[in-house]
Amino acid sequence: MTVDIKSKRDDTPLTATETAIEGRVYVHDTCGQMTRISGKEMVALCDPFQYVARTTCSGCDTRDIVSRFRWRDSGESISSFRRRMRDEAPVFCKIWIMVVAPLTASIIGIDLVRQIRIFAELPENWWIEIPLGILLITPLFCRFIAPKILQALIQPSFHQQK
Ligand SMILES: [Zn+2]
């Protein structure tokens with residue numbers, strides 16, 4: 001008797017991290033050695049909206065600024081790749097990063113400062129409340145949280161671009 005084992009078909013779309021398993025090789029300009037980056041590190045490195053200042057060279061075992069690395073296959077520097085990805089990104093990504101996220105964070109920050117001012121029974125002063133409210137959470141939110149939300153919601157495929 002033969003047993004027919006049907007494999008279950010899996011239609012679940014791959015996550016960004018899964019599609020980056022194979023990875024891509026970059027060259028460190030300073031030492032000329034190669035490193036393969038993959039998985040979630042690669043997704044972050046290729047995503048121009050995520051804050052990535054430095055990356056690692058496994059050849060000389062140092063962390064260096066991204067402009068000192070280039071893709072081995074295309075020769076393009078990682079910083080210009082990231083700039084190009086930013087330029088080519090869908091317009092709603094840019095609107096989220098440049099308009100919606102800062103505006104939302106600022107409104108929440110200003111309201112928070114206002115609530116604290118009311119709670120502390122201090123006199124109203126918009127000249128302090130507005131700038132303080134903007135500075136309270138907007139820079140951190142825009143740099144670290146807004147890109148993560150974008151990545152989680154739409155899983156942009158910057159890491160699949162060449
Ligand atoms: Zn190196």
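So, the buried residues of α5 are Gly133, Thr138, Ala146, Pro147 and Leu150, where buried means that 20 or more other C-beta atoms, placed from the backbone, lie within 10 Å of the residue's own. Helices here are DSSP runs of H or I, at least four residues long, strands are runs of E of at least two, and both are numbered from the N terminus. Those buried α5 residues pack against α4 (91-119), with contact taken as C-beta atoms, placed from the backbone, within 7 Å.

A quick word on the source: this is a predicted model, local features need pLDDT of at least 70, side-chain atom pairs count only at pLDDT 80 or more, and totals for chains, interfaces and linings use all residues. Residues are numbered from 1 along each chain as its sequence is written.

Back to α5, residues 126-154. What is centred on Phe141 in this helix? A kink of about 55°, the bend being the angle between axes fitted to the seven residues ending there and the seven starting there.

Now the cores, meaning sets of buried Ala, Val, Leu, Ile, Met, Phe, Trp, Tyr and Cys joined through C-beta atoms within 7 Å. The largest has 14 residues, and Tyr26, Met42, Val43, Leu45, Cys46 and Ile78 touch the most other members. β1 (24-28), α2 (39-46) and α3 (78-88) each supply at least two residues, and α2 gives the most, with five. There is also a second, separate core of seven residues, including Ala146 and Leu150, which brings us back to two of the buried residues of α5. Thanks, everyone!

How values were computed:
A residue is buried if 20 or more other C-beta atoms lie within 10 Å of its own, exposed if 12 or fewer, and partly exposed in between; C-beta atoms are placed from the backbone. The expected span of a helix is 1.5 Å times one less than its number of residues. Two residues are in contact if their C-beta atoms, placed from the backbone, lie within 7 Å.
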